[in-house]
Amino acid sequence: MAVRDMVIFPDDRLRVKTTEVTKFDEKLEALVSDMFETMYFYEGIGLAAPQIGISKRLVVIDVADTDEQGNVLMRHPMTLVNPEIVEKYGEVESQEGCLSVPEIYEVVHRAERIKIKYYDVHGEEHIEEAEGLLAICMQHELDHLEGHLFIDYLGTFQRERIKKRLIKFKKEHLKQ
Ligand code: NI
C-alpha cells in the first residue's frame, strides 16, 4: 500500500472523462487500497481516481460517524466502481471542499437524495439510496469522473480567482 501524490487544480488530468473499469482483479484491489490510504492520509471523505492521475471510473468514500470533537467512532468505507446516479430528489445547499482544490470552501447546490448504481471491488452490482452528507459526497466524487469540479458551479470570475490562488499555492508547496 502507498499514499499517492494528489493532483492539484489546475491540472488537465482533472478534466478528463474517465473510462469504465473492466477487470475486477488483484490490480484493482491494490489500486483501491492505495486510494483509501491516500484519502485517509489527506483526511478526506472521498477520493476519485483522477485525483491520483488514474483516468478510471473509480471512487472511494468514507463518511465516518464522528463525535462532537470530530473523532472517528465508526468508519463506513465504500468502493464505487463504474458508478451511475439513476435518480435525484430535492435540492440542498452544500459547503464543499476538495483534496484537489486545497484551502477553498464554497457553497454549491446538490440533490438532497439520490439513487445510485455501482459495482463493488468484486464486481457485485449494488443499487442504493443515499441522503445527507453521503449523497453530497457521492455527487461530488462522481463529478470528478466526468472531469468536473465543484468550483465549476461558481461564476467564471470566482473560478479564475481560485485558479490564480492555487497556481500560487502549487509554487509554494509543490515542486512541479
Ligand atoms: Ni473532490
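**Entry 1: ground rules**

I call a residue buried under 20% relative accessible area, exposed over 50%, and partly exposed in between, using a 1.4 Å probe and protein chains only. I am working on a predicted model, where local features need pLDDT of at least 70 and side-chain atom pairs count only at pLDDT 80 or more, while totals for chains, interfaces and linings use all residues. Numbering runs from 1 along each chain as its sequence is written, and side-chain values use heavy atoms, with hydrogens and water left out.

My helices (H or I, at least four residues) and strands (E, at least two) are DSSP runs, numbered from the N terminus. I count two strands as paired if DSSP finds at least two bridges between them.

In what order do its five strands run? I read 1-2-5-8-9, in an open sheet with antiparallel pairing. Strand 1 (46-48) and strand 9 (125-131) are at the edges with a single partner strand each, so one side of each has no neighbour in the sheet. From one strand to the next the twist averages 40°; for angles, axes are lines fitted to C-alpha atoms (for helices over the stretch in contact), and the values run from 0 to 180 degrees between N-to-C directions.

Next I checked the pairing of strand 8 (residues 113-119) with strand 9: they run antiparallel and seven bridges join them. Y119 sits opposite E125 of strand 9.

The side chains of E129 and R113 form a salt bridge, with the closest N and O atoms 2.7 Å apart. For a salt bridge I need a side-chain nitrogen of Lys or Arg within 4 Å of a carboxyl oxygen of Asp or Glu. E129 is in strand 9 and R113 in strand 8, so this pair ties together parts 16 residues apart in sequence. E129 is partly exposed at 46% relative accessibility, and R113 is partly exposed too, at 30%.

**Entry 2: helices against the sheet**

Helix 1 (residues 26-41) lies across strand 1, strand 2 (58-62) and strand 5 (77-89), at about 45° to strand 2. Helix 2 (residues 132-145) lies across strands 1, 2, 5, 8 and 9, at about 100° to strand 5.

How enclosed is helix 2? I find eleven of its 14 residues buried, so the rest of the structure largely encloses this helix. Among the buried ones are I136, M138, H140, L142, H144 and L145.

I also checked the length of helix 2: its 14 residues should span 20 Å at 1.5 Å a residue, and the end C-alpha atoms are 21 Å apart, which agrees. The expected span here is 1.5 Å times one less than the number of residues. Just after helix 2, G147 takes a positive phi of about 80°.

**Entry 3: the nickel site**

Which protein atoms are donors of the nickel ion? I get C98 (SG), H140 (NE2) and H144 (NE2), at 2.1 to 2.2 Å from it. Donors are N, O and S atoms within 2.8 Å of the metal (3.2 Å for Na, K and Ca); water is not among the atoms, so sites may look incomplete. Along the chain the donors follow C-x41-H-x3-H. C98 in strand 6 (residues 92-98) and H144 in helix 2 link distant parts of the chain, 46 residues apart. C98 is buried at 11% relative accessibility, and H144 is buried at 1%.

**Entry 4: strands 6 and 7**

Strand 6 pairs with strand 7 in the antiparallel sense over six bridges. A hairpin of two residues joins strand 6 to strand 7, and V92 has R110 as its bridge partner in strand 7.

R110 also meets E96 in a salt bridge (2.8 Å, N to O). E96 lies in strand 6 and R110 in strand 7 (residues 101-110), so the pair ties together parts 14 residues apart in sequence. Buried or exposed, for E96 and R110? Both are buried.

**Entry 5: other salt bridges**

I count nine salt bridges in the structure. One of them joins the side chains of E146 and R57 at 3.0 Å, N to O. It links distant parts of the chain, 89 residues apart: E146 is in the loop between helix 2 and helix 3 (156-173), R57 in the loop between strand 1 and strand 2. E146 is partly exposed at 28%, whereas R57 is buried at 10%. K17 joins R57 and E146 in a network of salt bridges.

Terms used. Contact = heavy atoms within 4.5 Å.
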